[in-house]
There are 2 protein chains.
Amino acid sequence: MREAALRLFAQEGYAAVSMRRIAAEVGVQAGALYNYTPDKQTLLFDLMRAHMEDLLAAWDDLPPEGCARAALETFTRFHIRFNTGRADAVFVSYMELRNLEPANFAVIEGLRRDYETRLEMILRRGVAEGTFAVTEPRIAAMALIAMLTGVNTWFRARGRLSLAEVEALYWDMVRKAVAV
Amino acid sequence: MREAALRLFAQEGYAAVSMRRIAAEVGVQAGALYNYTPDKQTLLFDLMRAHMEDLLAAWDDLPPEGCARAALETFTRFHIRFNTGRADAVFVSYMELRNLEPANFAVIEGLRRDYETRLEMILRRGVAEGTFAVTEPRIAAMALIAMLTGVNTWFRARGRLSLAEVEALYWDMVRKAVAV
DNA sequence: GTCTATATTCTGATAGAC
DNA sequence: GTCTATCAGAATATAGAC
């Protein structure tokens with residue numbers, strides 16, 4: 001059910017997809033879905049929370065780097081690789097924020113801020129080490145994440161460029177963007 | 001009607017907003033809206049096309065710059081200023097692409113590609129002049145546009161930073177990202 | 001050009017049989 | 001745990017009075 005819902009929400013939007021449509025995709029009747037989620041809103045919220053928590057857990061599981069520059073490269077490559085592998089979840093977690101009830105919205109926003117803070121701290125460390133020139137680390141973090149997430153709008157796994165080549169291209173821009 | 005529709009589509013999403021809701025916002029009954037648009041889909045399409053055409057026209061109206069570096073600074077500041085001033089239209093034109101019928105989608109996508117090409121050509125010129133180091137100008141253009149458009153997710157006109165300060169912050173990153 | 005009224009279809013969610 | 005059947009309301013769009 002979650003797989004079908006994620007795919008349909010990404011393709012057509014939360015509001016445009018009915019529970020009947022999700023059920024048909026799964027191969028059951030609409031009523032059966034309510035054995036797995038109390039309602040449609042909770043289904044959306046659970047999908048978004050699972051994605052954000054997976055993202056944070058995957059990053060926190062990586063071994064810590066030495067210098068800030070190494071950490072920034074790791075972050076850049078991690079973000080691209082993780083997000084291109086879950087395009088539907090990334091799309092839904094960004095596009096459907098406005099369809100969350102206020103309490104659910106606050107939770108997802110908190111997780112998003114946590115993730116931005118991971119990058120912000122790397123940038124601050126680089127400034128302290130003298131290798132980065134960034135006057136507004138929080139804003140730079142949001143700008144870099146926006147740039148990296150944008151890969152999802154055009155990247156195709158069987159396209160001209162491999163994931164490794166894309167990582168290298170973006171790392172080159174990120175590296176220079178924060179350079180002294 | 002268009003103002004109300006744009007605001008509501010941005011806040012709640014195309015699929016989640018009914019014609020009755022737009023009519024109520026305007027102060028008429030739902031039936032009256034059909035004197036101004038043949039249907040809801042055309043209303044969405046017209047809003048998106050008008051935004052993209054305004055964007056292209058506004059850019060093309062700017063006087064041409066001399067060197068590529070000057071053109072890139074002009075583009076950076078133009079994009080931030082134009083988009084922060086029309087947050088609803090930017091949001092709808094990106095988020096509601098999936099709710100366009102195929103023929104309408106193709107038109108909007110074409111306009112988007114036209115805009116990306118404007119930046120791509122600046123980057124190519126900079127490479128030719130020897131002032132930029134960009135191996136994939138098309139991808140760099142998409143990456144920079146994604147970063148710049150991301151301003152809209154956090155910028156508030158009455159926030160800590162003025163628009164001029166934001167422009168300067170982003171220009172600093174853009175300038176370095178494509179530097180030799 | 002706006003109104004009221006309506007046709008038709010779909011919506012999220014629930015009840016109860018099995 | 002899935003099914004059928006259903007409730008109550010909302011959706012887009014249209015018709016015709018004024």
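From the N terminus on, the elements of chain A run α-α-α-α-α-α-α-α-α. The model is predicted, so local features need pLDDT of at least 70 and side-chain atom pairs count only at pLDDT 80 or more, while totals for chains, interfaces and linings use all residues. Residues are numbered from 1 along each chain as its sequence is written, chains are lettered from A and ligands numbered from 1 in the order in which they are written, and side-chain values use heavy atoms, with hydrogens and water left out.

**Chain A and its helices**

- Along the principal axes, the C-alpha atoms of chain A fill a box of roughly 60 × 40 × 25 Å.
- A:Asp46 and A:Arg49 are joined by a salt bridge, at 3.2 Å from N to O; the term means a side-chain nitrogen of Lys or Arg within 4 Å of a carboxyl oxygen of Asp or Glu.
- These two residues, A:Asp46 and A:Arg49, are three residues apart in helix α4 (residues 40-61) of chain A, so about one helical turn separates them.
- Side chains of opposite charge can pair when their charged atoms come close.
- Over all chains, the structure holds 39 salt bridges.

**How the two chains are related**

**The contact between chain B and chain A**

- Chain B gives 34 residues to the contact and chain A gives 34 residues, where contact means heavy atoms within 4.5 Å.
- The two chains bury about 2800 Å² between them, 64% of it on carbon and sulfur atoms; buried area is the accessible area (1.4 Å probe) that two parts lose on being put together, summed over both.
- B:Arg98, B:Ile139 and B:Lys176 supply 24% of the area that chain B buries against chain A, more than any other three residues.
- Four salt bridges link chain B and chain A.
- One of the residues named above, B:Arg98, forms a salt bridge with A:Glu96, with the closest N and O atoms 2.8 Å apart.
- There are 14 residue pairs in polar contact between chain B and chain A, both residues being at pLDDT 80 or more; a polar contact is a pair of N or O atoms within 3.5 Å, and within protein one must be able to donate a hydrogen and the other to accept it, with residues adjacent in sequence counted only if both atoms are side-chain atoms.
- On the side of chain B that touches chain A, the elements giving two or more residues are α1 (2-12), α6 (87-95), α8 (137-149) and α9 (163-177) of chain B.
- The largest share of that side, six residues, comes from α8(B).
- By class, the side of chain B that touches chain A has 22 nonpolar, six polar and six charged residues; Ala, Val, Leu, Ile, Met, Phe, Trp, Tyr, Cys and Pro count as nonpolar, Asp, Glu, Lys and Arg as charged, and the others, Gly among them, as polar.

**DNA strand C**

- DNA strand C is surrounded by 13 residues, the closest being A:Met19, A:Lys40, B:Gln29, B:Asn35 and B:Tyr36; a residue is near a strand if one of its heavy atoms lies within 4 Å of it.
- Sugar or phosphate accounts for 63% of the atoms of DNA strand C within 4 Å of the protein, and bases for the rest.
- The side chain of A:Arg20 has an N or O atom 3.0 Å from a base nitrogen of DNA strand C.
- Phosphate oxygens of DNA strand C lie 3.0 Å from a polar side-chain atom of A:Tyr34 and 2.6 Å from a backbone N or O atom of B:Gln29.

**DNA strand D**

- Of the 14 residues around DNA strand D, A:Gln29, A:Asn35, A:Tyr36, B:Met19 and B:Arg20 come nearest.
- The side chain of B:Arg20 has an N or O atom 3.1 Å from a base oxygen of DNA strand D.
- A side-chain N or O atom of A:Tyr36 is 2.9 Å from a phosphate oxygen of DNA strand D.

How values were computed:
Helix = DSSP H or I, 4+ residues; strand = E, 2+ residues; numbered from the N terminus.
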